[in-house]
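Reader: Could you walk me through this fold before I set anything up? I would like to start with the overall picture and then go into the details.

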Amino acid sequence: RGLSRSHPAVASRKENSVAKKQKPAPGLMELIKHTCVLRDESDRGCALIAAAWIDDTLKELIRSQFIDDRAAADEMLEGDSPLATFSARTKLLCCTGIISKKVMHDLDIIRAIRNLFAHDRGKLSFETPEVRDRCASFSLIHEVKSLKTVMKDEPRDKYTSLSMWLV
């Protein structure tokens, strides 16, 4: 599914005349494999890996809007360039109408949780109040729950399920 043009989290837009190349959305088996990888990770590993996969998806979604010039796109999307951060990518996608404010809200929460895990030197977990409370504030979780009937109402499961829904 992924945050491709057909994903429900992506606003519909008219195609422009430039031919677009986009990485295909992951298939069901690939998503199951990714979910298994996250399940076997520590809380820190789960948060960091899921956010990295989403960041890659955001980058590819932006790249799909550019002309077919990989070098020019890389100059904008890699290293210390203007669109190389998770935050800049979500803001651009929202400002251009490609994702909704609700999607941006949840992506900002995922980014904040990722940053907590990346910079905390202690025993942070999804049950830590600061992380648990952020997971409780996801606005798209009801859409994910409607697709995943076995989802538990636990912070880690919410984070993982929403992340995989967005990838």
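What follows is a conversation about the fold, the core, the aromatic rings, the cysteines and a few loop residues.

Reader: What kind of model is this, and what is its secondary structure?

Author: This is a predicted model. The secondary structure of the protein consists of eight helices and zero strands, so the order of elements from the N terminus is α-α-α-α-α-α-α-α.

Reader: How many of the residues count as buried, as a percentage, and how much area is exposed?

Author: Of the 167 residues in the protein, 43% count as buried. The protein exposes about 9100 Å², and carbon and sulfur atoms supply 55% of that area.

Reader: And what share of the contacts comes from residues 24 or more positions apart?

Author: Taking the contacts with a separation of 6 or more, residues 24 or more positions apart account for 61% of them.

Reader: Let's go inside, then. How many residues are in the largest nonpolar core, and which have the most contacts there?

Author: The largest nonpolar core has 39 residues, and those with the most contacts inside it are I110, I113, F126, F138, Y159 and L162. Helix 2, helix 3, helix 4, helix 5, helix 6 (129-136), helix 7 (141-147) and helix 8 (155-166) each supply at least two residues of this core. Helix 2 gives the most to this core, with eight residues. As general background, nonpolar side chains tend to be buried together in soluble globular proteins.

Reader: Which residues does Y159 touch?

Author: Leaving aside residues up to four places away in sequence, Y159 touches C46, A47, A50, A51, I110, I113, R114, F126, C135 and F138.

Reader: I see F126 in that list as well. How many aromatic pairs are there, and how are they arranged?

Author: The structure holds two aromatic pairs. In one of them, the ring centres of F117 and F126 are 5.2 Å apart and the planes are at 50°, so the pair is tilted. F126 also forms an aromatic pair with Y159, which is tilted, with 5.2 Å centre to centre and 50° between the planes. F126 lies in the loop between helix 5 and helix 6 while Y159 is in helix 8, so this pair ties together parts that are 33 residues apart in sequence. The ring pairs link F117, F126 and Y159 into a cluster.

Reader: Changing topic to helix 4: why is it described as largely enclosed?

Author: Helix 4 (residues 86-95) is largely enclosed by the rest of the structure because seven of its 10 residues are buried. The buried residues in helix 4 are F86, S87, A88, R89, T90, L93 and C94. What covers them includes helix 2, helix 3 and helix 5 (101-119). Helix 4 is followed by G97, whose phi is positive, near 80°.

Reader: How buried are C94 and C135?

Author: C94 is buried with a relative accessible area of 15%, and C135 counts as buried at 1% relative accessibility.

How values were computed:
Residues are numbered from 1 along each chain as its sequence is written. This is a predicted model: local features need pLDDT of at least 70, side-chain atom pairs count only at pLDDT 80 or more; totals for chains, interfaces and linings use all residues. Side-chain values use heavy atoms; hydrogens and water are left out. Buried means under 20% relative accessible area, exposed over 50%, partly exposed in between (1.4 Å probe, protein chains only). Helices (H or I, at least four residues) and strands (E, at least two) are DSSP runs, numbered from the N terminus. Contact means heavy atoms within 4.5 Å. A nonpolar core is a set of buried Ala, Val, Leu, Ile, Met, Phe, Trp, Tyr and Cys residues joined through side-chain atoms within 4.5 Å. Accessible areas come from the Shrake-Rupley method with a 1.4 Å probe; for residues, only the protein chains shown count as cover. Rings of Phe, Tyr and Trp (its six-membered ring) pair if their centres lie within 6.5 Å; planes under 30 degrees apart count as stacked, over 60 as edge-to-face and the rest as tilted.
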